[in-house]
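Hi,

Here is the structure I promised to pass on.

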Amino acid sequence: MRAVLQKVAYAKVDVDGKTVGSIKKGIAALVGFKADDDEKTMDYMIDKIFNLRIFEDENGKMNLSVLDVQGEVIIVPNFTLYGDARKGRRPGYSTGASPKDAAPKFERFVEKAREMPLKVECGIFQADMKFELLNDGPVTLLLDSDRLF
């Protein structure tokens with residue numbers, strides 16, 4: 001599983017001109033899945049997303065998590081996180097999960113995230129989404145459950 005995390009002042013996802021998810025201060029997480037991602041993988045990534053210390057404390061140090069600041073989280077499916085652009089000019093997506101495999105993984109991941117004691121919103125799998133956010137910092141991190149980076 002892969003995720004791009006951004007600390008945001010706000011974020012929202014629109015589908016067909018209607019807002020389907022929006023948050024205030026918190027984390028926007030774009031997520032992509034591989035076929036073999038399982039519950040353990042999801043638990044690892046949820047722990048990382050909710051406990052990374054990327055918010056400033058009273059001394060201006062990034063020492064607080066989204067849980068500590070009682071922020072919000074928005075999760076957006078993004079299969080292109082497994083795009084491989086090392087060869088040629090067109091990315092390949094063979095390492096990512098197929099839509100048939102990824103859809104239930106995304107739904108389960110959102111369910112698990114909603115067990116956390118914060119507001120959690122999400123995008124819609126395979127929808128044409130318009131994702132708007134205001135990056136705060138900017139703070140942007142890449143996560144990979146295989147710890148490739």
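**Salt bridges and the main pocket**

D144 forms a salt bridge with R2, with the closest N and O atoms 2.6 Å apart. (A salt bridge here is a side-chain nitrogen of Lys or Arg within 4 Å of a carboxyl oxygen of Asp or Glu.) That pair links distant parts of the chain, since D144 sits in strand β8 and R2 in strand β1 (residues 2–15), 142 residues apart. Both D144 and R2 are buried, where buried means under 20% relative accessible area, exposed over 50% and partly exposed in between, using a 1.4 Å probe and protein chains only.

Before you read on, a caveat: this is a predicted model, so local features need pLDDT of at least 70 and side-chain atom pairs count only at pLDDT 80 or more, while totals for chains, interfaces and linings use all residues. Residues are numbered from 1 along each chain as its sequence is written, and side-chain values use heavy atoms, with hydrogens and water left out.

By the rule above, the count is 11 salt bridges. Two of them involve K112. E39 pairs with K112 at 2.9 Å between the closest N and O atoms. E39 is in helix α1 (residues 39–51) and K112 in helix α2, so this pair ties together parts 73 residues apart in sequence. (Helices, H or I of at least four residues, and strands, E of at least two, are DSSP runs numbered from the N terminus.) K112 also forms a salt bridge with D43, the closest N and O atoms being 2.8 Å apart. Here again α2 is tied to α1, so parts 69 residues apart in sequence are joined. Salt bridges with shared partners put E39, D43, R108, E111 and K112 into one network.

(A pocket is an open set of points on a 1 Å grid over the protein atoms alone, where a 1.4 Å probe fits, with protein on both sides within 12 Å along at least five of seven lines; lining residues have an atom within 4 Å of a point.) Of its 21 lining residues, P77, N78, F79, Q126 and M129 are closest to the centre. β3 (26–32), β6 (72–77), α2 (99–113) and β8 (129–144) each supply at least two lining residues.

Cheers
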